[in-house]
Amino acid sequence: MLFLEFLFLDVVLGGSITENVVQKNISFYLMQISSYANQSWAQNRGSAWLDELQTHGWDSESGTIIFLHTWSRGNFSNEELEDLQLLFRFYFSGLTVEFQNRASELQINYPVDIQVRLGSELHSGEITKGFFHAAFNGLNFLSYQNKSWVPSPEGGMTAQKVCDLLNIYEGIKETAYYLMNDVCPRLLLGLLDAGKMDLQRQVRPEVWLSSSPNLEPGRLLLACHVSGFYPKPIWVMWMRGAQEQLETKQGDILPHADGTWYLRVTLDVAAKEAAGLSCRVRHSSLRDQDIILYWGHGLSVILIIFAVIVPLVLLIVLVLLCKKRCTYQSIS
């Protein structure tokens, strides 16, 4: 059934899913981070993601879903979303009570962070089996496989005890299965359909170069700035001819307020070796036309512009002054 839904979406989008999505895997998943500082303090944070794009948040004070985009409701009805909201509200409150009541029994020491990732993936046009992974203080703890909770080796005896406890409750297993294999696949396909305009958005990057003196004399830190691009995946590299400079260092990809991204890529070089270097940028919005900026050429272009523009402006000013003087003399 899910495969038929995919085919329907592919027709609706005119083949764009096949071109833009199926060539890579895409996932939709729910994220939970629960922090317990002591026996009486707890915080639950929730979010939902379509690959690296956040689609939903969770307001822990009101116990409500936050829809981050106009299309974040996908193809779910208001009644279905209300039911999900109630389910998450009950889950978070119940988890906190159960954890704090059983922490001593399970010999768990505070503080504790629990991370949960639950969702489904689209591989080559087909929804695959859902996934559920939980971590405890950053270490793999347990997963959900074949309708049963399975401990991870890193979790030790504590993970085994928790799985033994969870496997007693059929309702918990059924709910996890429902979220993994019904809710998340439907949301994944529904979001791809409802959000197709945003998800297919392509914004070309702006690229410029800069440099700053390094702490070591005689060296430069060259920087390639790539700004305003969308979607997020991008490839940027300092080059010498066709040779990639393996010392290239990439910073974090940072968000702009308009949803586009910014990236700074640097290269530490001897000042006398900077000539001949270039920054190369590949991005889906550019198709096969990479942007290549050569170090030092930017300054030459600016000088050429000034050499042409400044005399032209001066010439226009002289002509206007001459006309004004001639007009004044004729009146006199």
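This section describes the fold, a helix face, a disulfide and several backbone features of a predicted model.

In the predicted structure, the chain is built from seven helices and 18 strands. Of its 332 residues, 36% are classed as buried. Among the contacts with a separation of 6 or more, 56% are made by residues 24 or more positions apart. The accessible surface of the chain amounts to about 20000 Å², and carbon and sulfur atoms contribute 58% of that surface.

Helix α4 spans residues 156-166, and its buried residues are A159, V162 and C163. Viewed down the axis of α4, these buried residues fall within an arc of 100 degrees, so they line one face of the helix. The packing partners of the buried residues of α4 are β8 (139-145) and β9 (148-151). For C163, the relative accessibility is 1%, and this cysteine therefore counts as buried, since the cut-off is under 20%. Another cysteine, C184, has a relative accessibility of 0% and likewise counts as buried.

Helix α3 covers residues 78-102 and contains Q85. The relative accessible area of Q85 is 10%, which places this glutamine in the buried class. Leaving aside residues up to four places away in sequence, Q85 is in contact with W58, G63, T64 and I65.

One disulfide is present in the structure. This disulfide is formed by C224 and C279, whose sulfur atoms lie 2.0 Å apart. The link between C224 and C279 is left-handed, with -80 degrees about the S-S bond. Because C224 lies in strand β11 and C279 in strand β17 (residues 277-282), the pair ties together parts of the chain that are 55 residues apart in sequence. Both C224 and C279 are buried.

Attention then turned to the backbone. Most peptide bonds are trans, and most residues other than glycine have a negative phi. Against this background, the peptide bond from Y110 to P111 is cis, with omega near -5 degrees. P111 is located in the loop between α3 and β5 (112-123). A cis peptide bond also joins Y230 and P231, where omega is about 5 degrees. P231 belongs to the loop that connects β11 (219-229) and β12 (235-240).

Positive phi values were found at residues other than glycine. At Q107, phi is near 60 degrees, although this residue is not a glycine. Q107 is situated in the loop between α3 and β5, the loop that also holds P111. With a relative accessible area of 63%, Q107 is exposed. N137, which is not a glycine either, has a positive phi of about 50 degrees. This asparagine is found in the loop between β7 (131-136) and β8, and β8 is one of the strands against which the buried residues of α4 pack. N137 is partly exposed, its relative accessible area being 42%.

Technical notes:
Residues numbered from 1 in each chain as written. Predicted model: local features only at pLDDT ≥ 70, side-chain atom pairs only at ≥ 80, totals over all residues. Heavy atoms only, no water. Buried < 20%, exposed > 50% of the residue type's maximum accessible area, 1.4 Å probe, protein only. Helix = DSSP H or I, 4+ residues; strand = E, 2+ residues; numbered from the N terminus. Arc of directions from axis to C-beta. Contact = heavy atoms within 4.5 Å. Areas by Shrake-Rupley, 256 points an atom, 1.4 Å probe, with all protein chains shown as cover. Disulfide = S-S within 2.5 Å.
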